[in-house]
Amino acid sequence: MSDIDDGLHTPVDAARGIGTPPVDALRAAGTPGPPVGGPAFDSDHPPRADLVSDCVHCGFCLTTCPTYVLWGEEMDSPRGRIHLIGQGLSGEPLSDSMVTHFDRCLGCMACVTACPSGVRYDRLIEDTRAQVERRHPRTARERALRTAIFALFPYPKRLRLLRGPLRAYQMSGLQRLVARSGLLQRLAPTLATLDSLAPRLRGVPRPPARVRARGARRAVVGMLTGCVQSAFFPDVNSATVRVLAAEGCEVLIPPGQGCCGALSVHNGRRAEAQRFARKLIDTFERCGMDYFVVNAAGCGSSLKEYGELLADDPVYAERAAAFTAKVRDLSELLAELGPVAPRHPLPLTVAYHDACHLAHAQGVRAQPRALLRGIPGVELRAIADPEICCGSAGVWNVLNPVPAAELGDRKAKAVLATGADLLVTANPGCLMQVAAAVRRRGGSIALAHTVHVLDASIRNLGPAALLDRD
Ligand code: SF4
Ligand code: SF4
């Protein structure tokens, strides 16, 4: 059998901004690929058959899956993708159609939360993606785009070099002109997507390598500064340091710490992710920290899986497991320690958006809400369909701009319908994605990270400090 007969569509679906061209065409163009008719997966960490057989095909996951919600097609649902993985394990070749359906998965893990049988779809798709990246030929355009993304996004120093030109572009008014003309959208949709996502940059000094606790020291905390977070949201990092110090934590922030590998591992680049993970462990295990704190949901979920990522590495396996045991999302750590810094009132209505990699991948939902409710005057409002991803999903919105914008628009509509003063979330990707979608709809709502709200309350800055943000 040469292909999966899902009766849906051709592999390339340019109108949706997604798709993978036929292997035959790529081979004709000289692009190497797996042997024709060979099995989909090789023996290097193939997806596990026992995890596939855990799926009882009940379909409880379908309505939480953003691609199934968008297109209503079985093979773009978790159950359909698990079926395709099973076909690959039974000897089917890795067809274009299969890869298209795997590529369309956002990795949001809403299906993992929804599944009553505890199917580890997260493990399945991660192992599948690593196989796809090694074994499936991609077009020259796809390869160029992926090369550019992975030569830039996991490198904070390179991202920081973009700050100056980007700030000049924003301040000069050129960005508004370009957006109004629609020219970039017509000529280079990927660049247009990046342009629309770019946040308004703020100048914030980098935190020092060590910040003492205020009052009695309760814990020593290593802190990840991140890639996108440190380049485009340095104010989130500085607020994190202030809040941790106010809550009695000594904060260690070694410079040159690099990327945690989240983007790489979520996109099938396992060897690259392992390199980043080893470097981060080397950097932090010398620090003598009690906890390792993360303020970006996507990074936190992959840091909590270092034990699995490096399980085969004789030098790092144990160290990775020990490191992982110390990893906490910022909200988890603050909830665990309990508050000591007094909270000042912030009379605000707040819509809290669950970042997928915090809620679904880490199961952290209650802690950020409890922290926000602990601030006098804050009233939380629920967002409809909270389990559906906003369409950011790491670099998924760059690789799949059309459906990502559709998911962003749905989320922006649900957020604006709350009538809240402020949207709060804990992931830089979600902040950029929802902000862009709100702007597209001509709507307006202030956006903040959870830690901005805590910081404003502890420092008694009043609601204007949050509402004047854009
Ligand atoms: S991870 Fe998200 S997009 Fe992928 S199958 Fe599960 S619910 Fe659907
Ligand atoms: S909810 Fe779980 S068991 Fe049911 S179809 Fe989805 S993945 Fe399979």
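Colleague: How are α15 and α27 oriented to each other?

Modeller: A word first: this is a predicted model, where local features need pLDDT of at least 70, side-chain atom pairs count only at pLDDT 80 or more, and totals for chains, interfaces and linings use all residues. Residues are numbered from 1 along each chain as its sequence is written, while chains are lettered from A and ligands numbered from 1 in the order in which they are written. The axes of α15 (residues 234-246) and α27 (residues 450-458) come within 9 Å and cross at roughly 50°; axes are lines fitted to C-alpha atoms, for helices over the stretch in contact, with angles from 0 to 180 degrees between N-to-C directions. Angles under 35 degrees count as roughly parallel, over 145 as roughly antiparallel, 65 to 115 as roughly perpendicular and the rest as oblique, so α15 and α27 are oblique.

Colleague: Which residues of α27 make the contact with α15?

Modeller: Helices are DSSP runs (H or I, at least four residues) numbered from the N terminus, and two residues are in contact if their C-beta atoms, placed from the backbone, lie within 7 Å. On the α15 side are Val-236, Ala-239, Thr-240, Arg-242, Val-243 and Ala-246. Facing them on α27 are Val-451, His-452, Leu-454, Asp-455 and Ile-458.

Colleague: And how are α25 and α26 oriented?

Modeller: Helix α25 (residues 401-417) packs against helix α26 (residues 428-440) with the axes 8 Å apart, at an angle of about 80°. That angle is why α25 and α26 are roughly perpendicular.

Colleague: How many charged residues does the contact of α25 with α26 have?

Modeller: The α25 side includes Asp-409 and Lys-411, and the α26 side includes Arg-440. Asp, Glu, Lys and Arg count as charged, Ala, Val, Leu, Ile, Met, Phe, Trp, Tyr, Cys and Pro as nonpolar, and the others, Gly among them, as polar. Besides seven nonpolar and two polar residues, the number of charged ones is three.

Colleague: Is the crossing of α4 and α5 left-handed or right-handed?

Modeller: The axes of α4 and α5 (residues 96-104) lie 10 Å apart at an angle of about 140°, and the two helices are therefore oblique to each other. A crossing is left-handed if the near helix is turned anticlockwise from the far one by less than a right angle, and right-handed if clockwise. For α4 passing α5, the crossing is left-handed.

Colleague: Which residues are closest to ligand 1?

Modeller: A residue is near a molecule if its C-beta atom, placed from the backbone, lies within 6 Å of it. The shell has ten nonpolar, three polar and one charged residues, with α3 (66-71), α4 (78-89) and α6 (110-114) each supplying at least two. Of the 14 residues that surround ligand 1, the closest are Cys-65, Pro-78, Cys-105, Cys-108 and Cys-111.

Colleague: Which helix gives the largest share of the shell around ligand 2?

Modeller: 15 residues surround ligand 2, the closest being Cys-55, Cys-58, Cys-61, Arg-79 and Cys-115. Both α4 and α6 supply at least two residues of that shell. The largest share, three residues, comes from α4.
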